[in-house]
Each structure stands twice: as C-alpha cells, then as structure tokens.
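Dear colleague,

Please find the structure for your study below. My notes on what was found in it follow directly after.

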Amino acid sequence: MADINSNKAEKIKDKALEYLNSNYDDTFTAMGYSASGWAYDYSTVSFNSGKYSKSVEVRVYKENGTYSFTDDYFKLYMENDAVAYLKNIVNRYGKANEVKVRFVSPELPDSLGTKATFSDYMASGKCDLEVYIVSGSAFNESDTTAMLSEICAAKITGNFRFTVTDDKDLLSAFSISEIVNKKADSIIEKKSYSINNNFEVVK
C-alpha cells in the first residue's frame with residue numbers, strides 16, 4: 001500500500017511540475033504533497049520557487065482519468081506590482097510608509113489565465129487583499145478616506161489596516177504575520193477598514 005501511495009504521489013508531483021513548467025518561467029523544487037480525501041476533491045503539491053522567496057501551491061484534480069490544475073503562483077509574481085500600486089496611492093499623503101500585501105484568494109478567477117497581470121486582476125472585480133499600511137505617525141481621517149475611495153474605484157476588496165509604530169524596522173523588515181504575531185507590542189495605533197463586494201468602505 002505504501003508503494004502504491006508513494007507512486008501516486010510521485011506521479012501527481014510530476015504532473016504538477018509539468019504544469020508549472022509549461023506556464024511559468026521559473027525553477028520549481030517539490031516541497032510537500034497532500035492527497036485528496038473526503039474533505040477535498042484535489043491533491044495538493046507545494047513547490048519552492050527559484051525566482052521568488054516564497055512557495056507556490058498547485059491543486060491537482062482528476063476526473064475520468066483527466067488531470068486539471070489550479071495554482072497560486074500569481075501571489076508571487078503580482079506582489080511587487082500590488083505593493084507598488086497601493087504605495088503610489090499612499091505616498092501622495094506625505095508620510096514615510098511601508099505597504100505590505102497578502103492575497104486572500106487561493107487562485108485567480110476562472111476568467112483570468114496564468115499570464116494575467118495585477119491590472120487584469122483588479123479589472124476582474126475579484127481582487128481580494130489583506131493590506132497593512134505601516135507608518136510612523138497616523139494619517140488623518142480625510143486622507144484615509146481619500147485613499148480608500150481610490151482603492152474602491154480600482155475594484156479592490158479586502159481588509160485594510162492602518163498601523164502606526166515607532167519601530168523603524170517594522171516599516172520594512174517584517175512580514176504581515178510577524179507584525180501581527182510577534183511585533184504587536186511595537187504597534188502604537190491601528191485602524192481597520194473593509195471594502196466589501198460592492199466596493200464600499202465598512203469600518
């Protein structure tokens with residue numbers, strides 16, 4: 001039984017790697033495998049990316065002997081563009097800041113292909129983000145409202161957390177998870193807003 005499961009995992013890993021190589025200009029190294037089961041109708045293979053410092057997850061479906069795939073590689077190659085887009089908005093309000101982005105959805109909408117850009121993702125109306133805007137002093141309410149209005153107009157949904165800190169390293173050196181879980185004591189003030197599926201701001 002172990003050999004059968006091992007062979008199945010190896011085959012699915014190879015299929016997933018072939019899929020990635022056919023769609024992306026990167027070097028991928030397999031990290032882990034999870035089999036399909038009663039809870040999920042897909043197997044999952046994770047890979048390290050040679051181009052980026054993060055990993056990519058491929059979901060592998062099999063129906064009637066035919067394989068199909070989805071992946072979250074977009075989170076890697078779109079991250080810099082997402083940060084740049086949002087930082088361009090925030091920078092107009094005159095405070096040193098750092099913008100950190102996490103993509104919420106595990107895959108792109110069906111309407112978008114593997115070559116989609118961040119602009120394509122925004123245009124789809126399905127771009128869902130968790131965003132931290134970290135600064136050394138608070139933005140005033142009118143500036144915050146103006147930023148969020150512009151983000152709404154770009155058809156981006158999600159959670160937007162304005163975080164004030166006196167820890168300069170927090171502005172650049174830490175990920176969202178580290179800020180939330182390890183650096184909470186460094187946060188002086190935080191305000192959270194959501195943009196819903198109607199592109200309206202909710203406090």
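**Ser-46 and its contacts**

Apart from its neighbours within four places in sequence, Ser-46 is in contact with Thr-29, Ala-30, Met-31, Gly-32, Val-56 and Glu-57, where contact means heavy atoms within 4.5 Å. Ser-46 belongs to strand E2 (residues 43-49). Helices (H or I, at least four residues) and strands (E, at least two) are DSSP runs, numbered from the N terminus. Between Ser-46 and Ser-34 there are 12 residues in sequence and 8.8 Å in space, taken C-alpha to C-alpha.

**How the model is to be read**

This is a predicted model, in which local features need pLDDT of at least 70 and side-chain atom pairs count only at pLDDT 80 or more, while totals for chains, interfaces and linings use all residues. Residues are numbered from 1 along each chain as its sequence is written, and side-chain values use heavy atoms, with hydrogens and water left out.

**The chain as a whole**

The chain has six helices and nine strands. Its C-alpha atoms fill a box of roughly 60 × 35 × 35 Å along the principal axes. Of the 203 residues in the chain, 40% are buried; buried means under 20% relative accessible area, exposed over 50%, and partly exposed in between (1.4 Å probe, protein chains only). Among contacts between residues at least 6 apart in sequence, 62% join residues at least 24 apart.

Helix H3 (residues 79-90) packs against helix H5 (residues 141-153) at an angle of about 145 degrees, and their axes are 10 Å apart. Axes are lines fitted to C-alpha atoms, for helices over the stretch in contact, and angles run from 0 to 180 degrees between N-to-C directions. At this contact, Leu-86, Ile-89 and Val-90 in H3 meet Met-147, Glu-150 and Ile-151 in H5. By class, five of the residues in the contact of H3 with H5 are nonpolar, none is polar and one is charged. Here Ala, Val, Leu, Ile, Met, Phe, Trp, Tyr, Cys and Pro count as nonpolar, Asp, Glu, Lys and Arg as charged, and the others, Gly among them, as polar.

**Pockets and a cavity**

Rolling a probe the size of a water molecule over the atoms shows where empty space is left. On a 1 Å grid over the protein atoms alone, a cavity is a set of points where a 1.4 Å probe fits but cannot get out, and a pocket is an open set with protein on both sides within 12 Å along at least five of seven lines; lining residues have an atom within 4 Å of a point. Grid points are joined across faces, edges and corners, and a volume is the space filled by probe spheres set on the points.

The largest pocket has a volume of about 400 Å³. Its lining holds 16 residues, and Lys-54, Glu-79, Val-101, Arg-102 and Phe-103 are the closest to its centre. Helix H2 (74-77), H3, strand E5 (97-103) and helix H6 (176-181) each give two or more residues to this lining, and E5 gives the most, with five residues. The lining of the largest pocket has seven nonpolar, three polar and six charged residues.

The second largest pocket has a volume of about 210 Å³. Of the 14 residues that line it, Tyr-19, Thr-70, Asp-71, Leu-108 and Leu-112 lie nearest its centre. Strand E4 (66-71) and H2 are the elements that give two or more residues to this lining, and the largest share, three residues, comes from E4.

The structure also holds one cavity of 30 Å³ or more. The largest cavity has a volume of about 90 Å³, and the residues that line it include Ile-133, Phe-139, Thr-163 and Lys-190. By class, its lining has five nonpolar, three polar and three charged residues.

**Two residues with positive phi**

Most residues other than glycine have a negative phi. Asn-64, in the loop between strand E3 (55-63) and E4, has a positive phi near 55 degrees. Is Asn-64 buried or exposed? Asn-64 counts as exposed because its relative accessibility is 76%. Phe-199, in the loop between E8 and strand E9 (201-202), has a positive phi near 60 degrees. Phe-199 counts as partly exposed, because its relative accessibility is 24%.

Yours sincerely
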